[in-house]
Amino acid sequence: MKTITASRKAVKKMSGKDSRKTMKPSSKEGLELIFEDLLKDIYWAEKYLTKVLPKFAKASHNEELREAFENHLGQTQLQITRIEACFDLMEKKAAAKKCDAMEELAKEGTEAIENHAKGHARDAALIAAAQKVEHYEISSYGTLRTMANVLGKVQCAALLEETKDEEAETDEKLTTLSDKINQLAIAPDLV
């Protein structure tokens, strides 16, 4: 018996690990960590969008689409302050973690700008890219809101729900614009 205990101590000493340090967090602690990680992810994503949206607006041919991107930029800046408020409510410093998904989704809009001449067809491609971004955000905020509710972070959940609703409204506006712009893209002489 002494040999087994001595062996365990030797293994711990060699690995430099103490079982107390490697214990898994409780389920609630685990969910808290996931929630915080996802919040950092969407924080980076929204900050990244503040750099992307002006490019989409500038590349837009349709005045209404340009205004929609500009308006959403202002909304995005407000959404960033809501995320920061969630970090404050958690008594954590607001921190961003690179969101590869948002970077790749936004890249589709950049490719539309590079691959198509300014006009209705490019606008249609920009809307398609922007709606993919909106759907990602709607999903992200819905997930975060649900986690916040389960964790008892009611104020944070309300802030996240407000942002999710704004993202859904933006998606609806883009759908309405898409109906018109897609028609213009196939029949530009009707303008």
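Biologist: At what angle do the axes of helix 5 and helix 6 cross?
Modeller: Roughly 160 degrees, and the axes of helix 5 (residues 120–150) and helix 6 (residues 154–186) come within 8 Å. Helix 5 is therefore roughly antiparallel to helix 6, a label for angles over 145 degrees. Keep in mind that this is a predicted model, where local features need pLDDT of at least 70, side-chain atom pairs count only at pLDDT 80 or more, and totals for chains, interfaces and linings use all residues. Residues are numbered from 1 along each chain as its sequence is written, and side-chain values use heavy atoms, with hydrogens and water left out.

Biologist: OK, the core now. How many residues does the largest nonpolar core have?
Modeller: The largest nonpolar core has 42, meaning buried nonpolar residues (under 20% relative accessible area) joined through side-chain atoms within 4.5 Å. Helix 2 (27–59) gives the largest share, 12 residues.

Biologist: Which residues have the most contacts inside that core?
Modeller: Phe35, Leu39, Phe69 and Leu160. Beyond its neighbours within four places in sequence, Leu160 is in contact with residues including Phe35, Leu39, Tyr141 and Ala148, where contact means heavy atoms within 4.5 Å.

Biologist: Switching topic: where is glutamate 91?
Modeller: Glutamate 91 is in the loop between helix 3 (63–89) and helix 4 (100–115). Its phi is positive, about 60 degrees, although it is not a glycine.

Biologist: Is glutamate 91 buried or exposed?
Modeller: Exposed, because its relative accessibility is 74% and the cut-off is over 50%.

Conventions:
Helix = DSSP H or I, 4+ residues; strand = E, 2+ residues; numbered from the N terminus. Buried < 20%, exposed > 50% of the residue type's maximum accessible area, 1.4 Å probe, protein only. Axes fitted to C-alpha atoms, helices over the stretch in contact; angles between N-to-C directions. Parallel < 35°, antiparallel > 145°, perpendicular 65-115°, else oblique.
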